[in-house]
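Notebook open, model loaded. I want to go through helices, packing and cores in turn.

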Amino acid sequence: MTEKAVHAKSKIDSIPAIWPISEFRFNETETLVVEGSTCMSGKHYSHAELARIKELADQGLGATAIARILNNRSQGGVQGQLARLGYVHPQRSSIAKARRSRQLDAKQHRQFCDFLRENIHRAPPIELMRFWNEQAPRFHHPKVSIDMVDYWIDKMRIRLSPAEIAVNTFYQQAKRQRYSRRSETARATFDSKAENRRRMMRVRRDEVIRKRSKLEIRLCPECHENWPLTEEFYRAKRDAQSNKIYFEAKGCILCANQTRRRISMWRALGKSPALIRQLLKSEERSRRNAKAQADILAAKELRAELVKRRKKDPQRTCLDCHEVWPMTEDFWKLATNGSYPRFCRFCDSRYRREQKRAKVDGRSTEMIRAARKSFLAQALDENRRARRKQLEQQANRDLLRQRNGGSRICSICNTHWPLTEDYWIFEPADGPRAGKLSRVYCRCCSHDKDARRNKNRRR
Ligand SMILES: [Zn+2]
Ligand SMILES: [Zn+2]
Ligand SMILES: [Zn+2]
């Protein structure tokens, strides 16, 4: 390995690997003299052609006219030749200089062709150009244009077919890298543009609100800003049959656009549609979770406020979060019959949210429902125990007073209960067995038994 090659390798190693760059090679050993020393981008000009150009240029013709006469030459190509021959207009001299700076000598040209030939399978032409130009100053090579790269790839017939490109992992990788590089800069531009647009929309909103007093306002669930519910601020769809307008519920037009941009960016980065859906879903969920958390915090503040103002409001404990909330609709969602539920508004919406998510994900909702059922069962148990304790205290008082004739021991709970309707269940007074016990155990125990039986029946 020559010293230069060693240099090339170490330099190559330090470049972030897009494709296995260590396999890049500069052929340093071979030198070959290429006919003439005029390797420009484009097809070679023969001596006869150059002579003809010179002749025509001497007659005062420009590049366009000469190209038309030569028939198979482009205006740009002829102009390049004119520049080389010194005919070019002084104002064009910068172009001529730029072209001259891209001229390769015979050895360099040979190296360039070898470079293309050896690496065409490892990277697309645009990356080959970029790599060559990055390395060029090190080796005192001229830089090359993409036209030159393309021209020589086609000339040597080494271009990969679309089918080959489709299965070439280096090409696919390079494509993804290129997209991500592009999307980074694009995102910055998009972001600043979007911010400007939002500012303009806010101004516009104030105008609209000032003009029209009767306006429906909708809170965008994404940016949490209030926007008038018009086609200017929310994307609308008109139903062809009913001629009704429906507004997109996901967010305002700004947020909708932002989401669309992000989706196209993800797509450009090569993320699969399934993965993109997944990403959007999890974003949506964390957004909703955050909102639920904020709602609970706000509720706690409201409760503190209420407690400060009037102390003796009725309260109720939520079976799930065990928070004690005032009994108002701010904290509880009343049933249609106006009764209070056992779970607060916030636990209730979380419960429904969890179930919905499980259904969307195809998971079983059994666990979620079981947790809630066990909360309810526990609460019922506690209720029953409290009721029994209350009855026992009452019974003790009654027994002490000896107001009633006798007592009886329950065969299940072994408690002394006075023999009255409060503690025992009697046969109906108009029946044939009036005055007799209809059950051999106490009222509490028969309630428990009924509850158990009902529970089993529901299963
Ligand atoms: Zn929004
Ligand atoms: Zn709760
Ligand atoms: Zn009993």
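I take the expected span of a helix as 1.5 Å times one less than its number of residues. Helices here are DSSP runs (H or I, at least four residues), numbered from the N terminus. The model is predicted, with local features needing pLDDT of at least 70, side-chain atom pairs counting only at pLDDT 80 or more, and totals for chains, interfaces and linings using all residues. Residues are numbered from 1 along each chain as its sequence is written, while chains are lettered from A and ligands numbered from 1 in the order in which they are written.

Helix 11. I checked residues 253-268: 16 residues, reaching 22 Å from first C-alpha to last, close to the expected 22 Å. Just after helix 11, I found Gly270 with a positive phi of about 90°.

Helices 2 and 3. I looked up how residues 47-58 pack on residues 63-70: the angle is about 135° and the axes are 10 Å apart. Axes are lines fitted to C-alpha atoms over the stretch in contact, and angles run from 0 to 180 degrees between N-to-C directions.

Cores. A nonpolar core is a set of buried Ala, Val, Leu, Ile, Met, Phe, Trp, Tyr and Cys residues joined through C-beta atoms within 7 Å; buried means 20 or more other C-beta atoms within 10 Å. The largest has 15 residues, with Phe112 and Trp132 among those with the most contacts inside it. Helices 6, 7 and 8 each supply at least two of its residues. A second, separate core of 11 residues includes Ala57 and Leu82.

Terms used:
A residue is buried if 20 or more other C-beta atoms lie within 10 Å of its own, exposed if 12 or fewer, and partly exposed in between; C-beta atoms are placed from the backbone.
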